[in-house]
Amino acid sequence: MSCRSLLAFALALLLAACATPLSLKPGASIDEARATLGRPTAELKLPDGGTRLQYSGQPNNQSVVNADFDAQGRLRVVEEMMTDESFARVRSGKDTQADVLRDFGRPAEIFHYRLSNETAFMYRYYTHGGFKAAMFIYFDPAGVVKRTETGLDPWSIRNGGGRND
């Protein structure tokens, strides 16, 4: 392999390693996204006929990115979901476990509380200022959201609170 070919190959690998869902441009095709980013952790049909490619780092990192495509397969929006603003859109008494899974993906951990007859999904994320937090979304027995609570990331506490926990 020539030096020029080797350099081009190395550059292509470097650029591919830097690709993230947030680097996608509006109007990109779903096929381009798959080729650039690889296999998503989830692929979901949206109510409007579009498709969501979800790239989740849960449970080991604090990122879940949704890339939403219209029915023609063109990128509409890319959004980081592990934010206070995204969690604020969860509607108590209306949203279900299916809605939460569609928007935020699989949680880092699931808790079952027998005495209160609730289930909670825990999502790890960084709140404002880089504070290690966890969002707990509580569900009633029918799977409807009862409430949300932000707290300390219990995994971080167990592991000594280091930045990479």
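Author: Happy to! Let's begin with a word we will need: a residue is called buried when its relative accessible area is under 20%, exposed when it is over 50%, and partly exposed in between (1.4 Å probe, protein chains only). This is a predicted model, where local features need pLDDT of at least 70, side-chain atom pairs count only at pLDDT 80 or more, and totals for chains, interfaces and linings use all residues. Residues are numbered from 1 along each chain as its sequence is written, and side-chain values use heavy atoms, leaving out hydrogens and water.

Now to the charges. Side chains of opposite charge can pair when their charged atoms come close. Here a salt bridge is a side-chain nitrogen of Lys or Arg within 4 Å of a carboxyl oxygen of Asp or Glu. Counted by this rule, there are 14 salt bridges.

Take Asp103 and Arg52: their side chains form one of these bridges, with 3.2 Å from N to O. Asp103 belongs to helix α4 (residues 97-104) and Arg52 to strand β2 (residues 51-56), so this pair ties together parts that are 51 residues apart in sequence. Helices (H or I, at least four residues) and strands (E, at least two) are DSSP runs, numbered from the N terminus. Arg52 is buried, at 9% relative accessible area.

Asp103 has another partner, Arg102, and their closest N and O atoms are 3.1 Å apart. Arg102 is partly exposed, its relative accessible area being 26%.

Next, find Arg147 and Glu118, a salt bridge whose closest N and O atoms are 2.7 Å apart. This pair, too, links distant parts of the chain: Arg147 is in strand β8 (residues 145-152) and Glu118 in strand β6 (residues 118-127), 29 residues apart. Glu118 is buried, with a relative accessible area of 7%, while Arg147 is partly exposed at 29%. Elsewhere, salt bridges with shared partners join Arg52, Asp68, Asp99, Arg102 and Asp103 into one network.

Ala120 is buried, with a relative accessible area of 0%. Leaving aside residues up to four places away in sequence, Ala120 is in contact (heavy atoms within 4.5 Å) with Glu109, Ile110, Phe111, Tyr113, Ile137 and Tyr138. The C-alpha atoms of Ala120 and Val145, residues 25 apart along the chain, are separated by 9.2 Å.
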